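Reader: I have a structure to read and would like to go through it by question and answer. Please show it first.

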Amino acid sequence: MLEVRGLDVFRGATHVLKDVSFNVARGELAALIGANGAGKSTTLLTLSGLLRPRSGLAVMRTEGGEIDLTRASAERIVRAGLIHCPEGRQIFQSLTVAENLAMGAYTRSRREEIAAATAEVHELFPILKERASLPAGSLSGGEQMMLAIGRALLASPKLLLLDEPSLGLAPKVVETIFDVIARLKAQGVTILLIEQNAVMALEIADRAYVMENGRIVLAGAGRELMDNDRVRQSYLGVPL
Amino acid sequence: MSQYLFQQLVNGLSLGSLYALVAIGFSMIYGIVRLINFAHGDLVMIGAFSTLAMIAVGVPWPLILVFVLMIGAVAGMLIESVVFRPIRGAPQVTGFIATLAVSIVIQNSALLLLTGQQRNFVFPAFMRQRVPLGGVSASLTDMVIICLTLLLIAILFFIVYRTRLGTAMRATAENLMAARLMGVSVNRTILAAFAIGSALAAVAGVFWGGKFGQIDPLLGFVPGLKAFVACVIGGVGSLGGAMLGGYILGLAEVLFVGLLPQELSGYRDAFVFLLLIVILLVKPSGLFVRHVEDRA
């Protein structure tokens, strides 16, 4: 579904992504793990069209056709079904919870569909229904994360990019979020997940990539990587 | 209430309406692209002269208002797409200087085209009659300015707070990156902000002409500057603040003239800027903004 080949991305003069290649198959949950500053978020920003690569290829294939993510506008990429739930939640603080969800559905126009999708999100995260008319900035961190994911779901993603959904959240909330991710996967949404919480990510991932200094240094099935010595030492905190 | 006080109040409110119309657009544009647009006042001049041209060819008044809104919107979109879009992402100072350049170009083109001569601008005779309001009376021109402004502001608030476009505009103003990730076309949203803000400024030009009776190609300077002051009073980037700031400024100016001794009333603009300085010292985030949110 997603094919990335030899991607080179610069931010200013800094060479952030170096010859990055990976795949995500339809219906799969892929995890991209690595330390802070390894280039994970840059990868996602490039896929959603907010950063342009210097060279390389990034293509998403859906029933709707093929889209070149290195050239298409951010707007077209969203319309094609690639939805990016960014790091740090980035919800619209001054808008109400309901308005945030409506912004998620910005590219959709059928009212009945939007209403049905909103109802689904409300069922997933009942708190968002309770707080619908409150400004999103008044929500707690965990609730804001739920709102960010709910907002992404309202765009009806075919490929969902999740950037650090567990960052800074209480363990119980992290569990809720991961339950929802598992549920989405069961529903057939293809997911690319970035996590520093490598244990949880590898547990649910079909496939995982390890990124270091802008390069993919390891790839394999989620379980496989969990048993890999290098991963255990660097990311799982297990001494050799 | 005595006729004198009532007259001052109406005067202040109609002057405040003009400032509010200009300030709201100024604030909208700042809110979404972080651009202090010094060419904004020149839309007032464009609105006033377009009206003069339409009066000359005999366009009926209600249509003039509609056309002026459209002319303002088109002029705003043109300025945005020709001048500001190519320099988007450049440092703030670049944008700031570009707005000054646009203002100079518009003013001097107008001077070449229209000469610097003052021109009489007259509303139809019936607009100059006085409306009795239980013991006191006010000029119809002022009443119309006040009422139409309230109507336009109501429409604007409906667009901004109740429509999809308005939600996208507020979202873009708050977090450009997140708005793009929602599939919002940032260029189109910014264009809409310029169109709406400029349309309001152009209508203010019609009112300006009607209220003061004379127009010239440089008339945009004062309302542009006053709109900036109104925004600072109310809090830059906040629409409600800009509106209230406009009314406060209008009323304050009239109050200065009314209260100050005759020989000082010529300095009313000096008092306006004194007010600006005091507010910048005491409450730099504006009277109606609770905290400053600076998006670096």
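Reader: Does Arg34(B) count as buried, exposed or partly exposed, and why?
Author: This is a predicted model, in which local features need pLDDT of at least 70, side-chain atom pairs count only at pLDDT 80 or more, and totals for chains, interfaces and linings use all residues. Residues are numbered from 1 along each chain as its sequence is written, and chains are lettered from A and ligands numbered from 1 in the order in which they are written. A residue is buried if 20 or more other C-beta atoms, placed from the backbone, lie within 10 Å of its own, exposed if 12 or fewer, and partly exposed in between. Arg34(B) has 16 C-beta neighbours inside 10 Å, so Arg34(B) counts as partly exposed.

Reader: Where is Arg34(B), and what is its phi?
Author: Helices (H or I, at least four residues) and strands (E, at least two) are DSSP runs, numbered from the N terminus. Arg34(B) lies in the loop between helix H1 (3-33) and helix H2 (42-56) of chain B. Most residues other than glycine have a negative phi. Arg34(B) is not a glycine, yet its phi is positive, about 55°.

Reader: Which strand holds Asp19(A), a residue other than glycine with a positive phi?
Author: Phi of Asp19(A) is near 50°. Asp19(A) is partly exposed, with 13 other C-beta atoms within 10 Å. Its place is in strand E2 (residues 14-24) of chain A.

Reader: In what order do the strands of the open sheet of chain A lie?
Author: Two strands pair if DSSP finds at least two bridges between them. Four strands form this sheet, and the pairing is antiparallel. E2 and strand E5 (65-68) of chain A are at the edges with a single partner strand each, so one side of each has no neighbour in the sheet. The order is E2-E1-E4-E5.

Reader: Which residue is the bridge partner of Arg61(A) in E5(A)?
Author: Strand E4 (residues 55-62) of chain A and E5(A) run antiparallel and are joined by four bridges. In E5(A), the partner of Arg61(A) is Glu66(A).

Reader: Why is strand E9 of chain A described as largely enclosed, and how many of its residues are buried?
Author: E9(A) spans residues 207-212. Strand E3 (residues 29-34) of chain A pairs with E9(A) in the parallel sense over five bridges, while strand E10 (residues 215-221) of chain A pairs with E9(A) in the antiparallel sense over six bridges. E9(A) is largely enclosed by the rest of the structure because the number of its six residues that are buried is five.

Reader: Which residue in the hairpin of E9(A) and E10(A) takes a positive phi?
Author: The hairpin has two residues between the strands. The residue with a positive phi, near 45°, is Asn213(A).

Reader: At roughly what angle do helices H9 and H11 of chain B cross?
Author: H9(B) covers residues 221-234 and H11(B) residues 268-282. Residues are in contact if their C-beta atoms, placed from the backbone, lie within 7 Å; Val229(B), Val232(B) and Ile233(B) of H9(B) meet Val272(B), Leu276(B), Ile279(B) and Leu280(B) of H11(B). Axes are lines fitted to C-alpha atoms, for helices over the stretch in contact, and angles run from 0 to 180 degrees between N-to-C directions. The two axes come within 10 Å and cross at roughly 30°.

Reader: How many residues does each chain give to the contact between chain A and chain B?
Author: On the side of chain A, helix H2 (74-80) and helix H3 (97-104) each supply at least two residues. The contact takes 19 residues from chain A and, from chain B, 14 residues.

Methods
Contact = placed C-beta atoms within 7 Å.
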